[in-house]
Amino acid sequence: MLDELLKNHTYTRLGGKADILVTPETFSEVQELVKLARRENIPFTLLGNGSNMIVKDGGIRGIVMSQKQFQDIRVESGTIFAQSGAAIIDVSRRALKERLTGLEFACGIPGTVGGALFMNAGAYGGEIKDVLEEAVVVDRDGTLLTLPAKDLDLEYRTSNIPDNGYIVLEAKFKLQPGKYQSIKAVMDDLTYKRESKQPLEYPSCGSVFKRPPGYFAGKLIQDSELQGKGIGGAEVSTKHAGFIVNKNNATATEYISVIELVQKTVKDKFGVFLEREVKIIGEDADAETVKAVKQN
C-alpha cells in the first residue's frame, strides 16, 4: 500500500503516512524484503500493533513492514510457539487452555509477541525473560537465526533486539503444567485490576514512562496535579496518571507535547526526570501536514 496513513494501523491511533506499507506472509518474504531494502539502500521500519510506539505525524519514509499476518500459535509438549504478530494476550489465553502456567502476567499486555520481546514486556511481577526459551529472528543481512533467550540481553523493559536490528518472527515459551482453575483465577484477578485501574476506554500507548529508581512514575505525575491536563486531543488520564490517552482524535504532535509537559513539570517539582518507556519514531511534520492527519 502506498501513502498509507499509519494511524489506522497503530493501537494508539497516531501516525502520519508510510511511503510503502507491506504485509509479508512468510518468513522467507521477510528475508527478501530486508535484503532488498539493504541492497537498494531503502529505509526499513518494522511496525507491530503500535501499542508501545508513537509514529510522528510526518510519517515514515521508505518501507514499513507490518507483521499482522504472523499470528500462528501452536503448542508442543508444554512449549508454546507464537509468531511475532500474535497478541501476547492471546498467547496467555492459549496457555490457560492448555493448562500451562507462567504467562498469566501477560493477560493484560496489549502488544504483540514481537513487541513484547523487543522491550521485555512485563506486568504484575512477571516479564518475558522469565518464560522465553528462544526466538527466531532475521538479522540486518536477511539471515534467519534461532537465538537462545540469553543472547537477547533481556533486562527491565529492554533487549538488544533494536541495537542488533533483529526482526522477531517467532518466540518459544517454556511453561510449566498447572491447574486450569488456579491459572484462571490469577488471570481473572489481574484482568480485574487492569480494567478497574487503567483507562482502556481510550487509545493509549500504555504506561508511558519507566519507573524511576526510588519512585513511581504515576505517583509523581499525580502529585504534580497533571491528571486531566491535556493538549489538543491528548490528555493525562484521570483514571491512571501513568497513562496519556488519545481522548479526541489527537495527533502525534499533541501526544508528544503532553509527554514533554509531564516530564518538565515532574522535573521542576521533584527533580526527577521521567524516562520514556514508549518509543517515538518517524518524522516531524509541518502545521499543514499535522492538520491533514487530524482530518483523515
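Reader: Which residues does UniProt list for "active site"?
Author: The unreviewed UniProt entry lists Arg157, Ser207 and Glu277. Keep in mind that the model here is predicted.

Reader: How many residues do they span in sequence, and how far apart are their C-alpha atoms?
Author: They span 121 residues in sequence. Yet no two of their C-alpha atoms are more than 11.3 Å apart, so they gather at one spot.

Reader: Take Arg157. Where is its place?
Author: Arg157 is in a loop.

Reader: Is Arg157 buried or exposed?
Author: Buried. Its relative accessible area is 13%, and the cut-off for buried is under 20%.

Reader: What does Arg157 touch?
Author: Setting aside residues up to four places away in sequence, Arg157 touches Met119, Asn120, Ala121, Gly122, Ala123, Glu127, Lys210 and Glu277. With Asn120 there is a polar detail: the backbone oxygen of Asn120 lies 3.4 Å from a polar atom of the Arg157 side chain.

Reader: Glu277 came up there. Where is Glu277 found?
Author: Also in a loop: Glu277 sits between helix H7 (252-270) and strand E19 (279-281).

Reader: And is Glu277 buried or exposed?
Author: Glu277 counts as buried, at 9% relative accessibility.

Reader: What is Glu277 in contact with?
Author: Beyond its neighbours within four places in sequence, the contacts of Glu277 include Arg157 and Ser207, both from the UniProt list. Asn52, Met119, Tyr156, Val208, Phe209 and Lys210 are in contact with Glu277 too.

Reader: New topic: sheets. What order do the strands have in the open sheet of 4 strands?
Author: The order is E15-E18-E17-E16, with antiparallel pairing.

Reader: Which are the edge strands?
Author: Strand E15 (204-207) and strand E16 (230-231). Each pairs on one side only.

Reader: How many bridges pair E17 and E18?
Author: Strand E17 (residues 234-236) and strand E18 (residues 243-246) pair over 3 bridges. Ala234 stands opposite Asn246 in E18.

Reader: Zoom out. How many helices and strands does the chain have?
Author: The chain has 8 helices and 19 strands.

Reader: What radius of gyration does the chain have?
Author: The chain has 19 Å. That agrees with a compact globule of 296 residues, which would have a radius of gyration near 19 Å.

Reader: And what share of the residues is buried?
Author: Buried residues make up 49% of the 296.

Technical notes:
Residues are numbered from 1 along each chain as its sequence is written. This is a predicted model: local features need pLDDT of at least 70, side-chain atom pairs count only at pLDDT 80 or more; totals for chains, interfaces and linings use all residues. Side-chain values use heavy atoms; hydrogens and water are left out. UniProt positions are given in the numbering used here, feature names are shortened, and annotations may be inferred rather than shown by experiment. Helices (H or I, at least four residues) and strands (E, at least two) are DSSP runs, numbered from the N terminus. Buried means under 20% relative accessible area, exposed over 50%, partly exposed in between (1.4 Å probe, protein chains only). Contact means heavy atoms within 4.5 Å. A polar contact is a pair of N or O atoms within 3.5 Å; within protein, one must be able to donate a hydrogen and the other to accept it, and residues adjacent in sequence count only if both atoms are side-chain atoms. Two strands pair if DSSP finds at least two bridges between them. The radius of gyration is taken over C-alpha atoms; the globule rule is 2.2 Å times the number of residues to the power 0.38.
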